[in-house]
Amino acid sequence: MLAPQNPEPDRAMPDRPETPAADEPRPPSGTVPIRSIDHSHREQILKHLQALEPADRYLRFGYAATDEQIQRYVDQIHFERYMLFGIFNRRLHLIAMAHLAFSIDPQLRTCAEFGVSVGKASRGKGYGSRLFERAVVHARNEGVSQLFIHALSENTAMLRIARNAGAVIEREGAESEAHLRLPPADFDSRVSELLSEQVALTDYHLKAQAKQFRGLIGMLQEIRQGVREARERSRG
Ligand SMILES: CC(C)(COP(=O)(O)OP(=O)(O)OC[C@H]1O[C@@H](n2cnc3c(N)ncnc32)[C@H](O)[C@@H]1OP(=O)(O)O)[C@@H](O)C(=O)NCCC(=O)NCCS
């Protein structure tokens, strides 16, 4: 079993407590920086998915995917047919991600499938719901009119996200399929996507700078410590 590697504070948003109280209000749409992710994030996608526990892998993939199967899945992601979104913490670790898979069949151009995973330490904070909303806006802007979500019937959280959005859920024993009709794109959906991507990219670059700066400070401290130790050695 693969435990989440170093489950750490997510800090996708500044000054947010690490463990929310049960009755803590969820972040409203647009307040969680969610950016699109591409092939340059393959390594982080792999790390995020391999950190899922077996039960979560089962919920995410529909079977208890092994590390090797996840590796193959990540290697084979076609970024031309997939749109991926991610939430990064202040260390730029990918703490939650979602995908929209578009059909290659020209007759099914208006359909897409949604999938999502949130790292264990970041659950229950509304990230799954926010990723869903972000994906819906993108899907609308891409001309998608039907969104599908395959989930195990036991996956209360996923089905709740779908139900909250107004999806119709059809249960077939252990598996359920949710489908959501999407309205066509409009001015709001286009501007909203542009804005959220811009905000998320700015947030990402600020986090990258802060990370670089912390690295520099750490290095300076090490140098100072080394100089101090060398001075003490030469004295004694
Ligand atoms: C499903 C998953 C993405 C939800 O992410 P999350 O960030 O914890 O979800 P949210 O905080 O946005 O909560 C979504 C809704 O589910 C509810 N919920 C969350 N966890 C729950 C749980 N364990 N049991 C019941 N309901 C739950 C929330 O109350 C919320 O409903 P509300 O808005 O009506 O209050 C996450 O549990 C996960 O990654 N699971 C493993 C992978 C998976 O199942 N993927 C989905 C299949 S593709």
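Starting at the N terminus, the elements of the protein chain come in the order β-α-α-α-β-β-β-α-β-α-β-β-α. That gives six helices and seven strands, where helices (H or I, at least four residues) and strands (E, at least two) are DSSP runs, numbered from the N terminus.

Before going further, a word on the model. It is predicted, so local features need pLDDT of at least 70 and side-chain atom pairs count only at pLDDT 80 or more, while totals for chains, interfaces and linings use all residues. Residue numbers start from 1 along each chain, as its sequence is written.

Now the chain overall. Of its 236 residues, 29% count as buried; a residue is buried if 20 or more other C-beta atoms lie within 10 Å of its own, exposed if 12 or fewer, and partly exposed in between, with C-beta atoms placed from the backbone. Contacts are counted when the C-beta atoms of two residues, placed from the backbone, lie within 7 Å. Among contacts between residues at least 6 apart in sequence, 66% join residues at least 24 apart.

The seven strands make an open sheet in the order 1-2-3-4-5-7-6, with mixed pairing. From one strand to the next, the twist averages 25°. Strands pair if DSSP finds at least two bridges between them. Here are two of the pairings:

| strand 6 (residues 168–172) and strand 7 (residues 175–181) | antiparallel | five bridges | Arg171 and Ser176 |

Strand 6 and strand 7 form a hairpin with two residues between them, and Gly173 in the turn has a positive phi of about 65°. Strand 6 lies largely in the open, because the number buried among its five residues is zero.

**The helices**

What describes two packed helices? The angle between their axes and the distance between the axes do. Axes here are lines fitted to C-alpha atoms, for helices over the stretch in contact, and angles run from 0 to 180 degrees between N-to-C directions.

Take helix 1 (residues 42–50) and helix 3 (residues 67–75) to begin with: their axes come within 10 Å and cross at roughly 150°. That makes helix 1 roughly antiparallel to helix 3 (angles under 35 degrees count as roughly parallel, over 145 as roughly antiparallel, 65 to 115 as roughly perpendicular and the rest as oblique). On the helix 1 side, Arg42, Ile45, Leu46, Leu49 and Gln50 meet Asp67, Ile70, Gln71 and Val74 of helix 3. Those contact residues split into five nonpolar, two polar and two charged; Ala, Val, Leu, Ile, Met, Phe, Trp, Tyr, Cys and Pro count as nonpolar, Asp, Glu, Lys and Arg as charged, and the others, Gly among them, as polar. Helix 1 also lies across strand 3 (94–102) and strand 4 (111–118), running at about 105° to strand 3.

Then there's helix 4 (residues 127–141), which packs with helix 6 (residues 187–235) at an angle of about 125°, their axes 9 Å apart. That makes helix 4 oblique to helix 6. Arg134, Val137, His138, Arg140 and Asn141 in helix 4 meet Ser189, Arg190, Ser192, Glu193 and Ser196 in helix 6. By class, this contact has one nonpolar, five polar and four charged residues.
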